[in-house]
Amino acid sequence: MLIITEKPSVAKDFAKALACSFSASDQAYKSRDGEITIVHCVGHLFNLQQPDFYDERFKHWNQLPIIPQQFAYDVNPQTKDVAKNVIQHIKNHKNDEILIATDADREGEIIARECLLASRISDYSKIKRFWVSQALTPEVILEGIKNAKPSYQYDDIAEQGFARQKADWLVGMNFTRFMTNMSGVLLTAGRVQTAILSAINTRCKSIADFKSEKYYEHYGNFLDNNGNECIGIFLDENENTSFPNPLEKLNYLSGKRASLISNKTEEKKINPPQLYNLNDLQKEAFRLYGFSAERTLQIVQKLYEEYKCVSYPRTPSKVMGEDNLQLCIKTAIKLSTKYIEYLGIFSKGDYSSSNKRIFDASKLEAHHAIIPLEPLPYNTTIEEQSIYFLILERFFLAFGPAHVYEKQTVFLDVNGSRFKIIGKKIIDNGWKTFVTINTHEEKENILDSQVLSEIDWNNLNLNTITTVPKNTKAPKYFNEASILAFMENPKSIETEGKLVGLGTAATRHTFIPKLLKSKYIEFNKKDIVITELGKAFLEGLTKSPAKLLADIGQTTKWEEQLKDNPELFLENIKEYIRNSVSTPMNLKSDFAKFQTKQNYNKKRRA
C-alpha cells in the first residue's frame, strides 16, 4: 500500500503508527516487509501552466481573453525534487492500493489528485481516502485507515477544488492584464479579494461621508413610597428618543404620580456559546490578543500537528457529529481531571446525543468543530497557551446549562408622557458562572440589569428628569476580526439578508495579506483602510464591463454555484470573462499619478 500525505510531519506520524522506517534510497518511509510505503508532498507540487504555454501570443498582455480549452500543470520549481519522488512512487504502486491522506479538505483533495494526474493514473478503483478531524495519534491513524472510503466518494469535493482553482486562475490572469492594459499601472485582480476590497471601500466611504447628529436621551428616576428606586427612558409617540431636547415639556413632570400602563415578565434563556470553528477562533484571538488571522491559524495548526492536543483546525463547522458523542465524553473526563477548574461545569454539562446544539450531523461541513483532545504540553509559548485555553474553555462551556433570567418590561404614564422601564432578575447563572476568559462582549444597557421585584407600581412618583446629550456614531472600520465575520456572513441591502460566505475557512485569512501586497489597503493601527490606489482600481473597474468583479452579491452567487454545480460555475466564469474583456477602455489619465510613482519606484529598485 502507498500512502500519500500532504506534509512531512504527517508522513512521520503515519510512519510511527505503522512501524515504518525512513529509507534514504527511496526517500520514503517503508515497513520492514515492504508492504507499506509512505511518501509526502509539501503542499501543492504543481501549478497551472502560464498563459504562453497554451499559445505563444499570450506572451503579449493585450491578447485577451485567455481561456485554455484544457488546463495543464507544471511542476512547482521550488518542489521539483519532491514532485519527482512522489510521482515515481505512485507509478511504482499503480497496481497496488493507494491511500490519499492529504488534509481532509478541498485543497488537500486537489493536492493529491494533481499528483495522480501527473502520474497518469486512470484506474481509481484501488484508491481510498483517509478523512479524519482528530489529531493524528497512532490510534486515530489506524482507525482512519480501517475506515477509509473509496476515493470516488470525494469526487464532488475534488470537482469543486479544481473548478475553484481554474476559475481563480482565469480571473487573475485575465483581469490583471485587462486592468493593467487600461490603466498603464500594474493592477492585480482576484475573484474573491476584489469583492472584499469593494466591501472595505464601501465601509470607508460611509465613514468619510458620515455626518454626526446630536440627539438627546431623557431618563426618569422613579421612587415608590418605600424608597425603592428604578429608572426609565422617556419615549415619544414613535417610541424613539432621537428628537430635540424637550426639557420644557418634561421638567414640570417632576414630583407627579406615575400610573401603570403595562407590566410584563417573561423568562429568557441564553444558551452557551457553540464550539469554535476556525473563523470564530480567529475573530476571538484578534479581539482578545490582537493576533492576525494568519497568526492564529499558524498557532492552532501547530497545536494540531505537533502537539496533537486539538482537533483539525481548518473547519467551518460549530457542531459535532452524533458519532462523536463518546469522543466528547472521554475528552471531557480526561481534561476536567487535568484542569480541575472545569470540574464544576463538566458535572452540569449535557453530554447526550439529544443535545442538538452540539451533535447535529445535518449542520456538519466536512469536519467537526475545533475541540481540545489532550492536555497542553508544558514547553509551550504564551501565544500557544492563549489559543489552547480559548478552545478548552469553549469546549466545556458549550455543554453547560443555559443562563436563565426573568426580563421585566414596564410602561408608565406620567401626565400623558410615557416611560419604559426594563429590569432583569437572574434565575440561574448557568454557564456564565464558569467563564474565566472574557470572550463575550456584554453590550447590555445598565438599565437592563435593574431588579424590579420590590417596586410598588401603584404608588410611584417621578422624582427627577436627567437629560443625556448624545451623538450618532459612524460605522466602524473593518479590522481583522470584523472582516472575517463579514466574509463568513456577508450582507447585502439588495438581497436583504445573509449571503453565502466568501472563500472558505481555510482561505479567508489569505485575502487581507494579498490586498496589502497589492497596496490596495493599509492598516491604521488595527483599522483596515483603503488606499488611493485601491480606490482608483475600483473606480476604474466599475467603469468597465468587468464591474461585476467588485459586486459582493455576484461573488457570493458564484460561491454558491461552485458548491452546487462546479462545471456550470466554471462555464459562467468563462462567459463572464469573454464578455468583460472584449471592450477595451483607456483609463490611463485616471492613473497618471500612480504610473509616475511606479516608474520612480522601478528606477530606485534598478
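Accessible areas come from the Shrake-Rupley method with a 1.4 Å probe. In the predicted model described here, the accessible surface of the protein comes to about 30000 Å², and carbon and sulfur atoms account for 48% of that surface. Along the principal axes, the C-alpha atoms fill a box of roughly 95 × 70 × 45 Å. The protein has 606 residues, of which 50% are buried. Its secondary structure consists of 19 helices and 19 strands. When contacts between residues at least 6 apart in sequence are considered, 78% of them join residues at least 24 apart.

An open sheet is formed by 7 strands, arranged in the order S2-S3-S4-S1-S7-S8-S9 with mixed pairing. Strand S2 (21-23) and strand S9 (149-150) are the edge strands, each pairing on one side only. In general, the strands of a sheet pair through backbone hydrogen bonds and may do so in parallel or antiparallel fashion. Strand S1 (residues 2-5) and strand S4 (residues 37-40) run parallel and are joined by 4 bridges. Within this pair, isoleucine 4 stands opposite valine 39 in S4. Helix H1 packs on the sheet, where H1 touches S1, strand S3 (28-30), S4 and strand S7 (98-101). The direction of H1 makes about 165 degrees with that of S4.

Helix H10 (residues 293-305) contains 13 residues. The expected span of a helix is 1.5 Å times one less than its number of residues. The buried residues of H10 are Ala293, Thr296, Leu297, Ile299, Val300, Gln301, Leu303, Tyr304 and Glu305. The cover over these buried residues includes helix H1 (8-17), H9, helix H13 (382-398) and helix H14 (480-488).

Side chains of opposite charge can pair when their charged atoms come close. The structure holds 29 salt bridges. One of them lies in helix H9 (residues 278-289), where glutamate 284 and arginine 287 are 3 residues apart, about one turn of the helix. An α-helix has 3.6 residues a turn, so residues three or four places apart point the same way. The side chains of glutamate 284 and arginine 287 meet with an N to O distance of 3.2 Å.

Another salt bridge joins lysine 30 to aspartate 26, at 3.7 Å from N to O. Lysine 30 has a relative accessibility of 26% and so counts as partly exposed. Aspartate 26, at 28%, is likewise partly exposed. Arginine 57 forms a salt bridge with aspartate 55, with the closest N and O atoms 2.9 Å apart. Aspartate 55 is partly exposed, because its relative accessibility is 21%. Salt bridges also link Glu107, Arg164, Asp168, Arg191 and Glu559 in a network.

Definitions and conventions
Residues numbered from 1 in each chain as written. Predicted model: local features only at pLDDT ≥ 70, side-chain atom pairs only at ≥ 80, totals over all residues. Heavy atoms only, no water. Salt bridge = Lys/Arg side-chain N within 4 Å of Asp/Glu carboxyl O. Buried < 20%, exposed > 50% of the residue type's maximum accessible area, 1.4 Å probe, protein only. Helix = DSSP H or I, 4+ residues; strand = E, 2+ residues; numbered from the N terminus. Contact = heavy atoms within 4.5 Å. Pairing = 2+ DSSP bridges. Axes fitted to C-alpha atoms, helices over the stretch in contact; angles between N-to-C directions.
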